[in-house]
Amino acid sequence: MKRILGRTKWLAAFALAYCFAAGASAAENPLDARANIALRDAGLDETFRTFAKLLSAEVEVSPALKGKVTVELHNVRVRTLLDVVCEGIGCRWQLLPGNPPKLRVWPLPPDKPAAAAKAPVRETMEQHIDFRVTAADVRDVLKTFGEILDGTTEVDPAITGTVTFDLSDVPCREVLDKICQTVGCTWEVADGPPRVLKVTAKGKK
């Protein structure tokens, strides 16, 4: 899977954008089509109506589901976008067959963690991505990698500053290495549960 991480600075208080990537076949599973999404403090109705439009589906969102969505990912499969959004707000989703199909979204039980299987860390870190940021807060960037790993990020308070990169088709692990070379840090992934990307200032244990 190839992902593009875009700018971490938002151009407006609320932004919503989506499109299918060029070359997507009309015959393929719409969940596997690649799309862009940019959201900041977006309401759940707007968020999932957008997904329903991408999937040519109706949408059913449980009224018990609450929260706002802030995420920006580019050229990522629709199913991955849904997973990332639900990871952030605590929900599950299902695309039910029909004419049209129905996208159903409901909250996780409060006493049960998400049970979805996660891709192995090694497999995820070998995923190739395009990584383009300009003067982006390094802590925000590192938190995005935690999302890619389907986990969270713990960043040493000593790690600060901004990073600028324009990289194409590079494994995630190499991108993290380059970030740490720039700001002086080391990283490791604790596979949990929960899965945590731990980033420490160089020289600390």
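Select Val 138, Val 141, Leu 142, Phe 145 and Ile 148 in α4, then Cys 172, Val 175, Leu 176, Ile 179 and Val 183 in α5: these two groups meet, where contact means heavy atoms within 4.5 Å. The model is a predicted one, in which local features need pLDDT of at least 70, side-chain atom pairs count only at pLDDT 80 or more, and totals for chains, interfaces and linings use all residues. Residues are numbered from 1 along each chain as its sequence is written, and side-chain values use heavy atoms, with hydrogens and water left out.

Colour the contact of α4 with α5 by class: 10 residues are nonpolar, none is polar and none is charged. In this scheme Ala, Val, Leu, Ile, Met, Phe, Trp, Tyr, Cys and Pro count as nonpolar, Asp, Glu, Lys and Arg as charged, and the others, Gly among them, as polar.

Now show the whole helices, α4 (residues 138–148) and α5 (residues 172–183). Helices (H or I, at least four residues) and strands (E, at least two) are DSSP runs, numbered from the N terminus. Two packed helices are described by the angle between their axes and the distance between the axes. For α4 and α5 the axes come within 12 Å and cross at roughly 160 degrees. Axes are lines fitted to C-alpha atoms, for helices over the stretch in contact, and angles run from 0 to 180 degrees between N-to-C directions. The two helices α4 and α5 are therefore roughly antiparallel; angles under 35 degrees count as roughly parallel, over 145 as roughly antiparallel, 65 to 115 as roughly perpendicular and the rest as oblique. The crossing of α4 past α5 is left-handed, meaning that the near helix is turned anticlockwise from the far one by less than a right angle; clockwise would be right-handed.

Two strands pair if DSSP finds at least two bridges between them.

Which way do β8 (residues 152–155) and β11 (residues 196–201) pair, parallel or antiparallel? They pair in the parallel sense, over four bridges, and Thr 153 stands opposite Leu 197 in β11. On the other pairing, β10 (residues 185–190) and β11 run antiparallel and are joined by six bridges; select Trp 187 to find its bridge partner in β11, Val 199. The hairpin of β10 and β11 has five residues between the strands, and Gly 192 in the turn has a positive phi of about 65 degrees.

**A second sheet**

Move to β3, β6 and β5, in that order another open sheet of three strands with mixed pairing. Its edge strands, each pairing on one side only, are β3 (58–61) and β5 (91–96). Here neighbouring strands are turned by 15 degrees against each other on average, direction ignored. Strands β5 and β6 (residues 102–107) pair in the antiparallel sense over six bridges, and Arg 92 has Trp 106 in β6 as its bridge partner.

**Between α1 and α2**

The axes of α1 and α2 come within 11 Å and cross at roughly 165 degrees, which makes α1 roughly antiparallel to α2. Their crossing is left-handed. Select Leu 44, Thr 47, Phe 48, Phe 51 and Leu 54 of α1 with Val 78, Leu 81, Leu 82, Val 85 and Ile 89 of α2 to see the contact. Its residues divide into nine nonpolar, one polar and no charged.
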